[in-house]
Amino acid sequence: MTSEPSRPSQPNHPALSNLLQEDRRFPPSPEFAAQAVATKELYDEAARDREGFWAKQARELLTWSKDFEQTLDWSDAPFAKWFAGGQLNAAYNCLDRHVEAGNGDRVAIHFEGEPGDTRSYTYAELTREVKRAANALTELGVERGDRVAIYLPMIPEAAIAMLACARIGAPHSVVFGGFSADALNSRINDAQAKVVITSDGGYRRGTPSALKPAVDAAIAKGADTVKHVLVVRRTGQDVDWTDGRDMWWHDAIEAASEEHTAAPVDSEHPLFILYTSGTTGKPKGILHTTGGYLTQCAYTHKNVFDLKPETDVYWCTADVGWVTGHSYAVYGPLANGATQVMYEGTPDTPGRDRWWAIVAKYKVSILYTAPTAIRTVMKWGEQLPAKHDLSSLRLLGSVGEPINPEAWIWYRRVIGGDRTPVVDTWWQTETGAIMISPLPGVTEAKPGSAMVPLPGIVADVYDDEGKPVPTGSGGYLVLTEPWPAMLRGIWGDPERYKETYWSRFEDVYFAGDGAKKDDDGDIWVLGRVDDVMNVSGHRLSTTEIESALVSHEKVAEAAVVGAADEMTGQAVCAFVILRGGADEGPDIATELRNHVAKEIGPIAKPRQIMIVAELPKTRSGKIMRRLLKDVAENREVGDVTTLADTTVMRLITDKLASQPKAQED
């Protein structure tokens with residue numbers, strides 16, 4: 001979810017963080033609080049005995065084949081062992097035990113395909129499919145400890161493949177379906193994957209999009225460890241075929257037995273590798289193991305989302321190619337026996353009200369999505385969600401980056417009917433599960449603030465000297481105690497793990513994000529420390545300036561970058577999308593610059609404001625600010641292959657070239 005930390009010379013200038021002192025408060029309603037899963041006693045319980053607290057969660061939320069002997073072994077820090085000596089199986093905990101408890105008829109996954117096809121799997125049906133897939137992998141020679149690469153669209157077979165790997169103790173490496181053959185090749189080779197599971201393709205904005213050719217190209221570049229490629233038939237596209245290596249998924253599954261016993265593995269047995277890009281060098285293979293990861297996924301999913309598995313319908317919109325999809329679209333909800341929605345497509349196909357139609361169709365009660373998506377649907381207007389009955393929603397979540405206060409307010413008001421709690425969650429690929437978040441039945445939430453660490457988590461904001469900052473000040477977000485779902489290292493590179501995360505401050509995990517403690521001590525995440533600009537000696541957070549812009553009534557979304565400037569070192573450049581129906585007008589740039597000055601201070605006024613129709617985003621919704629920086633500094637635009645829409649940058653540059661002075665002050 002975040003990139004490799006960089007090291008600025010000083011933290012954000014605290015005098016410029018006045019925007020992040022929020023006066024609006026949203027306590028839970030008395031009715032919600034009275035029935036909430038999590039209570040304030042959790043904080044006290046965890047503070048009294050943190051390890052005992054986590055041991056209790058592990059034993060209450062999971063089924064262990066063999067009980068653990070030691071909650072935490074930190075003797076080889078920063079390499080943790082949680083629930084040492086214990087044995088369990090992640091797939092058994094996500095599937096079999098719910099069937100054995102009499103909940104086999106409960107729907108596990110409602111799948112909605114982009115073309116409108118649907119499938120629903122009960123827990124009994126999903127268990128049967130995973131058992132057959134586990135047997136199919138075993139037939140292909142996959143043994144405990146072997147790695148399996150998964151390169152699939154957001155279809156049920158992705159979850160089935162992940163759980164089948166977990167069932168036999170084969171760590172999976174899911175590669176997002178939007179990645180190139182080169183990216184896939186590097187991940188296959190780093191993990192030395194034995195099998196690749198892919199599909200002929202998936203659907204993207206109404207059109208079949210091929211996947212199998214990227215696998216063929218990746219293997220052709222050199223991937224000697226790959227013995228077999230399993231191919232799911234999804235779109236019916238013609239695919240090239242290598243006899244002896246390639247096999248149709250349905251043929252392998254149909255030939256496999258429905259009988260399979262899940263193999264207990266050690267609590268520290270590798271569950272998966274997930275690659276995340278660093279600022280330099282090759283992608284980092286983040287390693288997560290079984291017991292600690294599954295414990296914290298189940299604990300956070302239950303308490304942060306106030307889960308009531310008998311009645312809730314939960315929907316996390318993330319793709320399984322990202323950690324949010326791992327933790328909150330597969331392992332967390334299924335470990336808790338939840339009913340969830342899985343959707344293959346985008347929010348705008350066949351219409352821009354697609355998400356709200358799905359919420360109404362399945363009576364979704366819990367929705368977890370990204371601020372980028374929220375700001376996008378804000379831009380499209382309130383009339384689209386208003387066409388659908390969203391009254392089933394009772395809790396909303398946000399993940400992936402800091403959410404602007406005005407987007408938070410809009411989300412709660414328009415999507416949540418001005419009644420639902422909003423849980424703004426901070427965590428990373430590396431942390432494995434949510435770390436900082438409101439508890440919806442307890443917390444008096446502030447729009448835009450992640451609030452405080454969850455019970456059992458210890459986080460702080462440090463200054464350059466490694467000391468906690470006082471309230472009202474900014475610095476670096478750190479984690480000062482180990483946590484169950486923490487990464488166990490970088491695959492094959494323990495030194496890089498220590499250097500990347502543990503060298504900035506002694507014995508403390510540096511998250512790579514800037515943060516501020518407000519006057520109440522609540523945490524505001526400011527984004528990556530490499531998203532901090534130095535303007536005339538003042539350090540400004542891009543997140544703060546973006547929040548100021550989005551708080552203007554005409555603005556739907558904004559992205560801010562620092563561009564080289566002879567006078568000030570760096571200058572603030574803003575790319576702005578206006579709300580539907582907002583009048584651009586000749587004075588819009590001046591109006592928005594003055595608004596930023598009023599909200600933050602004159603030093604934060606953008607040198608340049610550029611009105612654009614779209615922003616460059618990856619398929620996970622992250623804004624590619626480096627491309628905007630290229631535009632702001634009049635450079636040739638860099639590599640756009642990871643963008644969801646590769647034409648966006650041309651549209652931006654063409655518009656700015658046609659009216660280069662129109663958006664400058």
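The charged end of Arg-504 lies over the ring of Tyr-476, 5.0 Å from its centre; a charge sits over a ring if NZ of Lys or CZ of Arg is within 6 Å of the ring centre and within 35 degrees of the ring normal. Arg-233 places its charged end over the ring of Trp-248, 4.4 Å from the centre. The model is predicted, with pLDDT of at least 70 needed for local features and 80 or more for side-chain atom pairs, while totals for chains, interfaces and linings use all residues. Residues are numbered from 1 along each chain as its sequence is written, and side-chain values use heavy atoms, leaving out hydrogens and water.

Turning to ring pairs, the rings of Phe, Tyr and Trp (its six-membered ring) pair if their centres lie within 6.5 Å, with planes under 30 degrees apart counted as stacked, over 60 as edge-to-face and the rest as tilted. By this rule there are 33 aromatic pairs. Phe-53 and Tyr-299 are edge-to-face because their centres are 5.6 Å apart and their planes stand at 85 degrees. This pair links distant parts of the chain, with Phe-53 in helix α3 and Tyr-299 in helix α11, 246 residues apart; helices are DSSP runs (H or I, at least four residues), numbered from the N terminus. Both Phe-53 and Tyr-299 are buried, where buried means under 20% relative accessible area, exposed over 50% and partly exposed in between (1.4 Å probe, protein chains only). Phe-179 and Trp-322 also form an edge-to-face pair, 5.7 Å centre to centre with 90 degrees between the planes. Phe-179 is buried at 17%, whereas Trp-322 is partly exposed at 25%.

Definitions and conventions. Helix = DSSP H or I, 4+ residues; strand = E, 2+ residues; numbered from the N terminus.
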